[in-house]
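Dear colleague,

Please find the structure below, handed over for your use. My notes on what was found in it follow directly after.

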Amino acid sequence: MVSKKDIGKLFKQKHFTGHQVGRILLDSLLDQLYDRTPKVSDEEIAKMKDHLANEYEGSIYDTYVNIYAGLVDMFNYVQMLSNNAMLNLVTLKGDLSLLSQATLDHQMKINEPVTITERQFRRYETKYRKYLKETSDQHKKQKILVFHYLQERLKNILDESSWEDTDKETFWKKYPHIKEILDQYDKDHNSIPVKSNQYIQELYRKYHKDDSSTSEDLKRFAFFEAVNTSEHDEELQNQIKSKHLNLSLKELKTYLLKSYLSERYENNLSKDDASEQAFKDNDIYLQYFDNLKNSAKVDDTLPDHLTKKDLLDNWIFDIPSIHFDDNTNTSTTNKINTENIQSLDQILAKELFDIFKATAQDLSALTPDIKEILTFNDPKELLNKKTTQGILAKKGDNFYKDYISITWLRSEDDYGMWQIFPKKYQHQARFHGFSVYHDPSNDTEEDHFTKLADQDEKNFFQRIEEYTSDQQVEERYDSIEKFITLYQAYNQFINGVIAFSNDMNLGEFKKAPAYREFLNEIDRFHAIRNLSLYELEDMIRDKKLLKDTQKRIIDGFPLIDLSKPRFKQNKPEDIASYIARIFSQEDSKPISTVSVLDDIVRGDIDAKEE
C-alpha cells in the first residue's frame, strides 16, 4: 500500500512515469472500495497526470485508467455473484436444517418406549417363555473342555480382586493343594524346556501385538464426556486460562464438537481418531488420552528363561480358555489361530499338570459331586476330556447353575424380553423399554402401534429421499460453482494486475467483503451437513441402512472444496501481458468484465490480431 510518505517523495519529482501514477490511481480505488480515508485526492492525481514524462508514459497511464474502470466493474460483479451464491448457500443450509429436524423428530420417537397392544404383549410373552427355555437348553448343551474349565477356575482363584474381604490365610485354607504347588513354584527356578520356552515367547509377542485395540471407543467416550458433561470442565477451564484463549467453556466445547464432525465427515477419520484430532485442532490437551495410551502399552517381554511360576504370573496359563470355542474347536480371536492355542494347551497341560491336578482336587473337595468330572490321570486325558455346562450345573457349579437357570436368564438384560421384538425395534425396546396399551373395548388392531411406527419410519426415509434428490438443490450447487469459478478467475486477474504494476499491495482487491461472508456461510453449511450425518448414526442401527442413508446425504449435499482449482491455472506474467494488450486499446471500446473472466477461465489469453 502506498504511504503518505511515499506520495510526498513522488510530489518532489518534476515528471512521473505512467506506472507511478497508475499505481496511486489503483491504490485510491482500494481506499474507496474499503471506505478508507484517501491518501491522495483526485486533484493531486490529476496534477501528477499533467506531469507525465512523455506520450508513452501517458499511454501506460491510460491503460491503468482502463484497468481502474475494469476493476470497479469486476469488483462489483464479484460482490453481486457472491451475494447470489450466499443466498443459494443459505437455502441449501435451510434444506439441511429441514432434514436435520426430520431426523431429530424421528429420533425423539425412537427414544421412547415401544408401544404394543395387550394382544401383542400376550403373544410376545408366550414367545419369550419359549425363548428362555430354548436358551437354557442351549446353554446346557454347550461343551466345555475340562482343561479350559480348570483354567477359568484357577484364574478366578489367583485373582486377588475376587477375594472380597477374605484374608489370605483364610482364603488359602479352601485351596490347600493349590497353595502347596504355588509354594513349590516359588522355590523352583528351573526353566521349562527350551523348545516350549521359545514357542511361548513368540506366541506371547504375537498375542500382545498392537494392543491399542483395548482402548477402542474409549477416546470417543472421553471426547463426548468432555463435551456433554462437566467431568473434564476443570481441566478445560485451566487450559483456557493458561493458554489465554479468548472464549468461554461453552464456546470451546462447541468448537471441539465442530472439529470432531469435520474430522469425521470431511476427513473421514474413525470416531476415536476424530475425537483425538478435535482436541489437537483446538490446541487442547486431555490427560485421559495419555492415560489410555499408557494403559494400552503392554510389556510383551518375558523373562528369557521361563519358569512354571512365570506362566502363572504373566497370565499365560488361561489364554486358551479365553479365546477357544470348545463347541467348534476353533479360535475366537484374530491374534492367535486355532493351531496356536492347541499347541499352547499341550505345553500347559504338560508343564503345569501338577497345579491343574491340585485345582481339580480342591474344587472336588468343595463340591464333591464334581469329582468324577475333574478326575484325570495324565496330560493326554486332561486335554481330551469334555463335559457340558448342564452337567457342571447339575454337579453343583454355582456359575453354571445360574447360566442355565431360566430365573437368572430372565433377570439378565442380555436375555430380556426385547430379544423377541421385531429386529428393528429390539434396540429401542432394550434401552427405552416398552409400554402396553390397555384397550377396554379390545377393538384396537393387534399390530396397530407397530404399524404406525413402521409408517413413521417409511415417511422419514421418504423425506430424506425428497431432500436429497431435489432438482433445485443441484441448480443451487451449479450457481455456487459458477461463482467459485469466476472468483478464482478474478483472483488470477488480480495476480495479473500485480504482475503488470509490480505492486504487491494490490492483492487487497481479493478481500471482497461479500466473499468473506460467503466463506463463513460455507463453514456453517458444512457444519450442519456434518451434524445431519452424525445424528443419523445415533438413530439407524442397521449398518447397511445407515451407510446407504448417509451416502444419500453425502451425494446430495457434497462438500464445497474451495481449494480445488476449477480450471487450468494461468501464469501471472501471461495474464499481465493479456491485461497490457486488452486494456491499452485506444478505440474506447468498452471492455466486458464477464468476457475478461471467461477468457481467463478458458485460458484464452494469448496474443491475437486486433
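Helices in these notes are DSSP runs (H or I, at least four residues), as strands are (E, at least two), and they are numbered from the N terminus. The model is a predicted one, in which local features need pLDDT of at least 70 and side-chain atom pairs count only at pLDDT 80 or more, while totals for chains, interfaces and linings use all residues. Residues are numbered from 1 along each chain as its sequence is written, and side-chain values use heavy atoms, with hydrogens and water left out.

I begin with threonine 135, which is placed in helix α5 (residues 118–141). For accessibility, buried means under 20% relative accessible area, exposed over 50%, and partly exposed in between (1.4 Å probe, protein chains only). Threonine 135 counts as buried because its relative accessibility is 6%. A polar atom of its side chain lies 2.8 Å from the backbone oxygen of tyrosine 131. A polar contact here is a pair of N or O atoms within 3.5 Å; within protein, one must be able to donate a hydrogen and the other to accept it, and residues adjacent in sequence count only if both atoms are side-chain atoms. If neighbours within four places in sequence are left aside, threonine 135 is in contact (heavy atoms within 4.5 Å) with Leu409 and Tyr415.

Arginine 122 also has its place in helix α5. With a relative accessibility of 44%, arginine 122 counts as partly exposed. Its C-alpha atom is separated by 26 Å from that of histidine 139, 17 residues apart along the chain.

The backbone oxygen of histidine 139 is 2.8 Å from a polar atom of the glutamine 389 side chain. Glutamine 389 is buried, at 8% relative accessibility. Not counting residues up to four places away in sequence, glutamine 389 touches His139, Lys140, Gln142, Ile144, Tyr400 and Tyr403.

**Packing of helices**

Two packed helices are described by the angle between their axes and the distance between the axes. The axes are lines fitted to C-alpha atoms, for helices over the stretch in contact, and the angles run from 0 to 180 degrees between N-to-C directions. Angles under 35 degrees count as roughly parallel, over 145 as roughly antiparallel, 65 to 115 as roughly perpendicular and the rest as oblique. A crossing is left-handed if the near helix is turned anticlockwise from the far one by less than a right angle, and right-handed if clockwise. In the class counts, Ala, Val, Leu, Ile, Met, Phe, Trp, Tyr, Cys and Pro are nonpolar, Asp, Glu, Lys and Arg are charged, and the others, Gly among them, are polar.

Helix α2 (residues 18–33) and helix α3 (residues 42–49) have axes that come within 10 Å and cross at roughly 165 degrees. α2 is therefore roughly antiparallel to α3. The crossing of the two is left-handed. Val21, Ile24, Leu25 and Ser28 of α2 meet Ile45, Met48 and Lys49 of α3. By class, this contact has five nonpolar, one polar and one charged residues.

Helix α4 (residues 55–110) packs with helix α26 (residues 513–537) at an angle of about 15 degrees, their axes being 9 Å apart. α4 and α26 are therefore roughly parallel to each other. Their contact has 17 nonpolar, eight polar and six charged residues. The crossing of α4 and α26 is left-handed.

In helix α28 (residues 572–582), the buried residues are Ile575, Ala576, Tyr578, Ile579, Arg581 and Ile582. Their cover includes α4, α25 (471–501) and α29 (593–602). The axes of α25 and α28 come within 7 Å and cross at roughly 80 degrees, which means that α25 is roughly perpendicular to α28. Residues making this contact include Phe493 and Phe500 of α25 and Ile575 and Ile579 of α28. By class, the contact has nine nonpolar, three polar and one charged residues.

**Two asparagines in loops**

Most residues other than glycine have a negative phi. Asparagine 268, in the loop between α12 (249–265) and α13 (271–281), has a positive phi near 60 degrees. It is exposed, with a relative accessible area of 65%. Asparagine 502 lies in the loop between α25 and α26, and its phi is positive, near 55 degrees. Asparagine 502 is exposed, with a relative accessible area of 69%.

With kind regards
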